[in-house]
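Please keep the sequence and the structure in view while reading.

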Amino acid sequence: MLGISPDALRYYEKCGLLRPTVDPSNHYRMYSDLDAITLFDIRQNRGMKLSVLDIGQQMDNSSIDGQLNALENRASLIDEQIQELQLLKQRCNARIRTMQTVQENLERIREVQCPPAYHLPYQLLRDHPSDQTRQLVKQWIDAMPFVGFFLSVSPGELRDGPLNLHPGLSASLRYVGEFNLPINPPVRAMMGGWGIKYTFFTQDPFSLTYRDILPMIN
């Protein structure tokens, strides 16, 4: 009558949401009209993605105030989930834009306006290992992809080689503020300004040689 499978009925009974009458002679379960109303209530709550535990707590508190409070809490949780999904969509779109830019500018050299940014070199973390720096890195990682991964090389190596790439994290000033990222040392502030950007693709950045980045230098 309610489109509920026998397995679901047994599951709700096991969780204590249903208490049908059991015939002792054959162990058949007998569901009354009141059980049907209870099932209808369970289905409504499941339709709002309430957990079985939450439904049980709501059924135990049968007052109007108790049920109203439970629904208001659910609505607040949905608002939080919507915000999380919106942020996830922003992150997905940011990644799409990044990949589109890479695709459009592959093997091209461009003059670009670089925004002010902050860099978090991993070498400094190795030099100053602590719970504080590990927590700092975690906060930055949680903001990816608005926080990017970068490899840097010293100016002297660009002139003379060989390349010794130093990994780290980078975030523009905008996203540092938006995500309230900590910028205390070992984070370094980087001035914005005009720069040269050369886009190419590699599976192993640590195998890069002076020859790979020569087009940008020349």
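## Aromatic pairs

The structure contains 5 aromatic pairs, where rings of Phe, Tyr and Trp (its six-membered ring) pair if their centres lie within 6.5 Å, with planes under 30 degrees apart counted as stacked, over 60 as edge-to-face and the rest as tilted. One of these pairs, phenylalanine 146 with tyrosine 175, is tilted, at 4.8 Å centre to centre and 45° between the planes. The pair links distant parts of the chain, 29 residues apart: phenylalanine 146 lies in the loop between α6 and β5 (148-152), and tyrosine 175 in helix α8 (residues 173-178). Helices (H or I, at least four residues) and strands (E, at least two) are DSSP runs, numbered from the N terminus.

Phenylalanine 146 and tyrosine 175 are both buried; buried means under 20% relative accessible area, exposed over 50%, and partly exposed in between (1.4 Å probe, protein chains only). Together with Phe179, Phe146 and Tyr175 form one aromatic cluster.

## Basis of the values

The model is predicted, and local features need pLDDT of at least 70, side-chain atom pairs count only at pLDDT 80 or more, and totals for chains, interfaces and linings use all residues. Residues are numbered from 1 along each chain as its sequence is written, and side-chain values use heavy atoms, with hydrogens and water left out.

## Nonpolar cores

A nonpolar core is a set of buried Ala, Val, Leu, Ile, Met, Phe, Trp, Tyr and Cys residues joined through side-chain atoms within 4.5 Å. The largest has 13 residues, of which Leu120, Trp140, Val147, Leu169, Ala171, Leu181 and Val187 touch the most other members. At least two residues of this core come from each of β4 (117-121), α6 (131-142) and β6 (166-172). The greatest contribution is that of α6, with 3 residues. In soluble globular proteins, nonpolar side chains tend to be buried together.

Beyond its neighbours within four places in sequence, alanine 171 is in contact (heavy atoms within 4.5 Å) with Ala117, Tyr118, Trp140, Phe146, Val147, Val176 and Leu181. A second, separate core of 11 residues includes Ile4, Tyr12, Leu18 and Leu39.

## Helix α2

Helix α2 (residues 33-47) has 15 residues, which at 1.5 Å a residue should span 21 Å, and its end C-alpha atoms are 21 Å apart, in agreement. The expected span is 1.5 Å times one less than the number of residues. Asp35, Thr38, Leu39, Ile42 and Asn45 are the buried residues of α2. They lie on the same side of α2 because they cover an arc of only 125° around the axis, the arc being that of the directions from the helix axis to the C-beta atoms.

On the other side of α2, Asp33, Ile37 and Gly47 are exposed. The buried residues of α2 are covered by elements including α1 (6-14), β2 (29-30) and α3 (52-60). Lysine 49, which follows α2, has a positive phi, near 65°.

## Helix α4

The 42 residues of helix α4 (residues 64-105) should span 62 Å at 1.5 Å a residue, which agrees with the 61 Å between its end C-alpha atoms. Gly66, Arg74, Ala94 and Asn105 are buried in α4, and the buried residues of this helix pack against β3 (109-114). Glutamate 107 follows α4 and has a positive phi, near 65°.

Glutamine 83 is also placed in helix α4 and counts as exposed because its relative accessibility is 55%. Glutamine 83 and proline 185 are 102 residues apart in sequence and 31 Å apart in space, C-alpha to C-alpha.

## Cysteines

The structure holds 0 disulfides, a disulfide being a pair of cysteine sulfur atoms within 2.5 Å. Cysteine 92 counts as partly exposed, at 45% relative accessibility. Cysteine 114 counts as partly exposed at 32%.
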